Protein chains: 2
Amino acid sequence: MKKTALIMAGGKGERFWPKSRVSLPKQFLSLTDDGKTMIQLTVERIRPLVELEDIYIATNSLYRKLVTEQLPGLPEENILCEPVGRNTAPCIGLGAVHINKKYDDAVMIVLPSDHLIKNNEVFAETLEQAAKTAEQGENLVTIGITPNYPETGYGYIHYDKEKMLGSANAVKQFVEKPDLELAKKYLASGEYLWNSGMFVWKVSTILNNFEKLMPDIYEGLMTIKASIGTSEYKNVLEDTFGAMRSESVDYGIMENAENIYSIPGDFGWDDVGSWLAVGRIKANDDNSNVVSGNVVSVETKNCVIEAQDKLIAAVGLDGIIIVDTQDATLVCDKEHAGQIKQVLAALREEGKTEYL
Amino acid sequence: MKKTALIMAGGKGERFWPKSRVSLPKQFLSLTDDGKTMIQLTVERIRPLVELEDIYIATNSLYRKLVTEQLPGLPEENILCEPVGRNTAPCIGLGAVHINKKYDDAVMIVLPSDHLIKNNEVFAETLEQAAKTAEQGENLVTIGITPNYPETGYGYIHYDKEKMLGSANAVKQFVEKPDLELAKKYLASGEYLWNSGMFVWKVSTILNNFEKLMPDIYEGLMTIKASIGTSEYKNVLEDTFGAMRSESVDYGIMENAENIYSIPGDFGWDDVGSWLAVGRIKANDDNSNVVSGNVVSVETKNCVIEAQDKLIAAVGLDGIIIVDTQDATLVCDKEHAGQIKQVLAALREEGKTEYL
């Protein structure tokens, strides 16, 4: 069966401020040493399985230009602009009806646009297996990541070690982000995977599930589908998509559907959730610093310093993130990286929107 | 007797990098909330005692323009440009021969240009008393600061509580910077003062002491004196001053001379020795931060943040100094403020002299 992909690229990436901005979110930035942007790496990674003309990008109309610039050769009509963000369920539904209109049925691979994967070959093999499982009936397949520490920032997948379909395991339950104690239990049990937000299914399967579990959204999707290719499309999309409720596919479908399978992925996954991740991903110096740009450091360790032309002098620092841009500089303790969003809230409150 | 002053303003102020630069050292910066520069405050502070035409500024020729800009009305000939830095003894000797040439004898007040004093009235009263003591014979008077904690970064003055001359105490000994244990003993004894580098004496007294204790330097000073007012002055100064050895007045004279007196000063003195001092001097916010310029801070305390127009966002920091300038940004842990000099050394080594 034909393989297609939907890459979700509508995120704001606030946790990478000040390098990411409303006008240039994380998926359009290069955070790796190779200079390629996150979305470019995502497309490159699935090209062995999916033709460029069968890759769809769901994003915000703000980012249409960035997508066309960063992904030359991608058909213009494959850029699906959500009029407003409505979380993953409506986004995936929109992709599904476009693919459904074009091919009737096909395998649909759903991927975030801002994760990193070290081993592309194993990743492609994993997706191949997931596609096979998805084709064998009405199965919803999720790619789970084998956890190597008790992360409390991800949802987990509780899978059945005994009940298998090919190389996929039946899923017992999707569970919310655990506290540390629970995360340790999950890790020790060997029966849990991280929920990576990567899914594989047939278009017909996911649409059937929308019809059954989220009939209101399904109805809207059908209205949108009818308008695809007509002059009414844009208006219909705006009205109908805009009227949908905001819901995640995990909560709206995966937690309630049947025939859920997971394939454990072991391909060096990182969701690059914050500046902390840069310390994991990029090459460290002798003092465990990740440094780029014009930097002088003295007795400084465990820091992430992203300078540009302007000189950054770091003295006696430990575990500090410094990110310099043209108009703003972030200096943040690693343990407080989650509070960068509070800076953005303060900037909004003070009307300093030029920095957002 | 006529009162004159020599303000020593040749320092490089490296500890205030990146705001201070080779081309704009600390004494020409404003570090207080009133916007006045350190040297302007120094002059303002002694004007109740000394006419502007009797204030001499010893500095480097690099800074002649800064002195004329910041001290309008000061006679051009009162700017004494040292061709090279030779520490305080030759510098004070140069001031002394200029005053000696102009007035034969006079009271000479010697002051650093980069210290802060909170209570100018008490300061002026203290100097008045010192001048009286200096006039009563061949006395060398130093202004000692009553210590309030066991500082290890200053030299101390051991004074005789019993032996007094007016309000001045005879000095038993000048002692070098102590270790912490010794500093605690000094503090507990009540017999020690911080050596602030402020002196009062008659010109005749200090020149007699040069003749007796540093005859080589005295000889050079006399050569320079002979050339003052002639077309030869600049050349003579360059040759003769340049040939002098580098020596502090503490080591060269005060530690060996007789008739040394000290007046305990209690006027809110701060030598503003590093960025740490800014945390003491400027108004703190509720989280003990000293913040200026375009700053957003989240869960940040005990920091000194000097921003300009560019936004500095501080998140989760404790005890960090951030100083932003046009071409360089310093991020320094307070406990490592002494290592800023290593940044300058690294910049020199890497040939990045534009930042010095």
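Author: Helix H3 of chain A covers residues 88-103, 16 residues in all, and spans 22 Å from first to last C-alpha, close to the 22 Å expected at 1.5 Å a residue (1.5 Å times one less than the number of residues). Helices (H or I, at least four residues) and strands (E, at least two) are DSSP runs numbered from the N terminus. The model is predicted: local features need pLDDT of at least 70, side-chain atom pairs count only at pLDDT 80 or more, and totals for chains, interfaces and linings use all residues. Residues are numbered from 1 along each chain as its sequence is written, and chains are lettered from A and ligands numbered from 1 in the order in which they are written.

Of the 16 residues of H3(A), 13 are buried, so the helix is mostly covered (buried: 20 or more other C-beta atoms within 10 Å of its own; exposed: 12 or fewer; partly exposed in between; C-beta atoms placed from the backbone).

Chain A is assigned two domains, domain 1 at 3-270 and domain 2 at 275-355 (bounds from an automatic or database assignment). The C-alpha centres of the two domains of chain A are 30 Å apart. Eleven residues of domain 1 and 17 residues of domain 2 of chain A make up the contact (C-beta atoms, placed from the backbone, within 7 Å). On the domain 1 side, five of the residues are nonpolar, one is polar and five are charged (nonpolar: Ala, Val, Leu, Ile, Met, Phe, Trp, Tyr, Cys and Pro; charged: Asp, Glu, Lys and Arg; polar: the others, Gly among them).

Next come the places where the chains meet. Chain A brings 31 residues into contact with 31 residues of chain B. The elements giving two or more residues to the chain A side are E13 (295-298), E15 (311-315), E16 (320-324), E17 and H11 of chain A. E17(A) gives the most, with six residues. By class, this side of chain A has 20 nonpolar, five polar and six charged residues.

One open sheet of six strands has the order E12(A)-E14(A)-E16(A)-E17(A)-E15(B)-E13(B), and its pairing is mixed (strands pair if DSSP finds at least two bridges between them). E12 (290-292) of chain A and E13 (295-298) of chain B are the edge strands with a single partner each, so one side of each has no neighbour in the sheet. Neighbouring strands are turned against each other by 10° on average, direction ignored. The chains are joined in this sheet by E17 (328-333) of chain A and E15 (311-315) of chain B, which run parallel and share five bridges. Within that pair, Leu330(A) has Ala313(B) as its bridge partner. Helix H11 (340-349) of chain A lies across E17 of chain A and E13 and E15 of chain B, at about 135° to E13(B) (axes are lines fitted to C-alpha atoms, for helices over the stretch in contact, with angles from 0 to 180 degrees between N-to-C directions).

A second open sheet of six strands has the order E13(A)-E15(A)-E17(B)-E16(B)-E14(B)-E12(B), again with mixed pairing. Its edges are E13 of chain A and E12 (290-292) of chain B, each with a single partner strand, so one side of each is left without a neighbour. The twist from one strand to the next averages 10°. E13(A) and E15(A) run parallel, joined by four bridges, and Ser297(A) is bridged to Ala314(A) in E15(A). Helix H11 (340-349) of chain B packs on this sheet, touching E13 and E15 of chain A and E17 of chain B, with its direction at about 135° to that of E13(A). E15(A) is joined to E17 (328-333) of chain B by five bridges, the two running parallel; there, Leu311(A) is opposite Ala328(B).

E16 (320-324) of chain B has five of its five residues buried, so it is largely enclosed by the rest of the structure. Ile320(B), Ile322(B) and Asp324(B) are on one side of E16(B), with Ile321(B) and Val323(B) on the other, and all are buried. E14 (304-306) of chain B runs parallel to E16(B) and is joined to it by three bridges; Ile305(B) has Ile322(B) as its bridge partner. E17(B) pairs with E16(B) in the antiparallel sense over five bridges, and Val323(B) is opposite Leu330(B). A hairpin of three residues connects E16(B) to E17(B).

Note on methods
Two residues are in contact if their C-beta atoms, placed from the backbone, lie within 7 Å.
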